[in-house]
Amino acid sequence: MLPRRDVQAGDRAEALLLSNARLVDPEAGTVISGAVEIVDGKITGIFTNDGQPVGGEAIDCRGMVLAPGIVDLGVKVCEPGERHKESFRTAGRAAAAGGVTTMVTRPDTTPAIDSPEQLEFVARRAAQDTSVNVRPMAALTKSRRGLEMVEIGFLKDAGAVAFTDCDSVVTDAKVFSRCLTYAGSLGALVIAHPQEPGLSSGAAATSGGFASLRGIPTVSPVAERIGLERDLALVEMTGARYHADNLSTSAALPALDRAIAAGLDVSAGVNVHHLTLNELDVGDYRTFFKVKPPLRSERDRRSMVEAAASGLVGIICSMHTPQDEESKRRPYEAAASGAVGLETLLPAALRLYHGGDMDLPQLFRALALNPALRLGLSSGRLAVGAPADLVLFDPDVPFVLDRSTLRSKSRNTPFDGSRMQGRVLRTWVGGKEVYARE
Amino acid sequence: MGFSHSHLLGIEHLKQSDIVAVLDLAESYVDLNRRQEKHADALSGLTQINMFFENSTRTQASFEIAGKRLGADVMNMSMGTTSLEKGESLIDTALTLNAMHPDLLVVRHPHSGAVNLLAEKVNCAVLNAGDGRHEHPTQALLDALTIRRARGRLHRLNIAICGDIAHSRVARSNILLFGRMESRIHLVGPSTLIPAGAADWGVEIHEDMQEGLRGADVVMMLRLQRERMDGGFIPSEREYFHRFGLDAEKLGFAKPDAIVMHPGPMNRGVEIDGTIADDINRSVIQEQVEMGVAVRMAAMDLLARNLETPPSGSAV
């Protein structure tokens, strides 16, 4: 714990002052030394080092980095259905320890979150058991089967921030175009996982010399491009708001670029694993590296890093997908896909900072500001009036990740045993401390 | 340098000297197998379990005979689909068998990498008898022994591997083995059956038999699975035979003394003309089967020498 010091009580005794920090402002693109004042869960003042006011309690941040808390778009909490893999309690703890102040949860549970009643269950469980913000997404079609749309209006009113069938592609273009049209009329955001399922079915790796030598069934990167181009054509036709959750290939990027240039309401995200790992990391059938879409070539990884740095792909997420030991202890083809990421998202993303690809404001645009803006949330900013969702971290401290220390109920991380840099020291949600490193 | 591996999971892990060590020892077992009294005691007292999750007659019989000739107690387990139906995981099955203290576990499995996974969980020597479309190391070793006996060497040969490369573990193991032996490898087949990225493997790729077989010392034909012939990968059996089936005319493009190989079982009239397969001057297909037993004896013998407690009967 960092030392606290009591400042003489002023007229705003409930104020909290975080002083002597390096403040990352993703909107202004700056890092300045200063202090942040918090009152009633909101940021009420930002001061440079010379003009610190007197408040209530004060915390000396010792020159560490203070940034808006991460808004992780696409977290799977396995409630309902697979609570043995992850619960709101464990996911919430992992999020707090990872500097994730808002989990945007996925609806690909068992059963899927496809009715207002299901959504209410999620909201209730989240409120009971987590100290971080939970913003649920709902399925786009009933049971994620791609046949009939969900009650988009009711679900939106009940708090669904976006609609997605996750990795299940709505293959029928007519169904998908109607979903887009209807969602568009309500201003609801549709999130898709672009993929041509005919090409990708059964695949567990990206086509290429390595996967072929390993004898793993593969999919060409072009499957992602075909899926994205179809989706974007339908978005152009319907005028819907659209986000591609998890792009991973350079082949898909020109279409995204064209769509944004043409003024469509389109955005894209990338999973931190696709920014930091490549297909060769699978090695001798290491199933913790089996993710969806599969890890790509080094060339694709570099393209995605460039796209994240340029802002073409605006959102970096963890795609936190807990899997139990059993579902990973199988032959590669048969093993489950996905990796946990709430606690490793920040240190993994910091590899881009240490590698000189992105500076800290750029990184927090992708981790906090952009996802918040896309979902219409007021967080993600270091500005007066914004919610005091904050993360304090040391970007430089090196460590070797030991997966047994993770707070998630499932510990399927590809970073086990990896050297990483950057550790969260404290996390605040609405001005309340939800994590402090011992 | 000795053979120091505790498992035989693939050619990928073998050095040139390891390959030569297996083949040299196998030569002595070829001689033994041709005698009337075929018994040796290298594996005496050891238990060998053949665990086949995929149907196989030939490979399983070959491993069984190899083990029995070396004095092992051999048990065959056809896993088929039964254990999968019962919902038992591969690892649980392996742990169950492991508790019976086998010394050698011979495994075939439909999933690539499954044998590697299993080897991590047991304390005996594991031999890969074919995993998915990954590797089939004893097949590549027996092919190498056959070629060495026919051509006198393994280096600087032109080896044409023809047919369904994409789904073939035999092809992958042979590509690794002959790459290590510094021979030139030509892959020949329709582009739908050439795996993506094969160009990165240091091989030459041809879609035409005349071009691919030119100057070949060895013509290795691969089996085309029936289920691939129905328009999914190739239009028809007859078009395939016309373009890629090995007949006298196409064999004419290879060196005059080129040998013809096939891992079996053959589809006569699909990938190979029956008269070529039976031509004792060109085809070494029967010899491949004979070498298979010898190579498997050698591989199991070498692995048994590296078991933690060497058996009393083993010659070190």
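This is a predicted model: local features need pLDDT of at least 70, side-chain atom pairs count only at pLDDT 80 or more; totals for chains, interfaces and linings use all residues.
The largest pocket holds about 870 Å³ of space. Sorted by class, the lining comprises 15 polar, 12 nonpolar and 11 charged residues. At least two lining residues are supplied by each of α2 (58–69), α6 (137–151), α7 and α12 (285–305) of chain B. Of the lining, α12(B) provides the largest share, with 6 residues.

The contact between the two chains was examined next. It involves 18 residues from chain A and 24 residues from chain B. Together, chain A and chain B bury about 1,600 Å², and 56% of this area lies on carbon and sulfur atoms. Between the chains, 7 residue pairs are in polar contact, with both residues at pLDDT 80 or more. The count of salt bridges between chain B and chain A is 1. Glu12(B) is paired with Arg214(A) in a salt bridge, in which the closest N and O atoms are 3.1 Å apart.

On the side of chain B that touches chain A, two or more residues are given by each of α4 (90–98), α5 (114–119) and α7 (169–180) of chain B. The element that gives the most to this side is α5(B), with 3 residues. By class, this side of chain B consists of 9 nonpolar, 9 polar and 6 charged residues.

Conventions. Residues are numbered from 1 along each chain as its sequence is written. Chains are lettered from A and ligands numbered from 1 in the order in which they are written. Side-chain values use heavy atoms; hydrogens and water are left out. Contact means heavy atoms within 4.5 Å. Buried area is the accessible area (1.4 Å probe) that two parts lose on being put together, summed over both. A salt bridge is a side-chain nitrogen of Lys or Arg within 4 Å of a carboxyl oxygen of Asp or Glu. A polar contact is a pair of N or O atoms within 3.5 Å; within protein, one must be able to donate a hydrogen and the other to accept it, and residues adjacent in sequence count only if both atoms are side-chain atoms. Helices (H or I, at least four residues) and strands (E, at least two) are DSSP runs, numbered from the N terminus. Ala, Val, Leu, Ile, Met, Phe, Trp, Tyr, Cys and Pro count as nonpolar, Asp, Glu, Lys and Arg as charged, and the others, Gly among them, as polar. On a 1 Å grid over the protein atoms alone, a cavity is a set of points where a 1.4 Å probe fits but cannot get out, and a pocket is an open set with protein on both sides within 12 Å along at least five of seven lines; lining residues have an atom within 4 Å of a point. Grid points are joined across faces, edges and corners, and a volume is the space filled by probe spheres set on the points.
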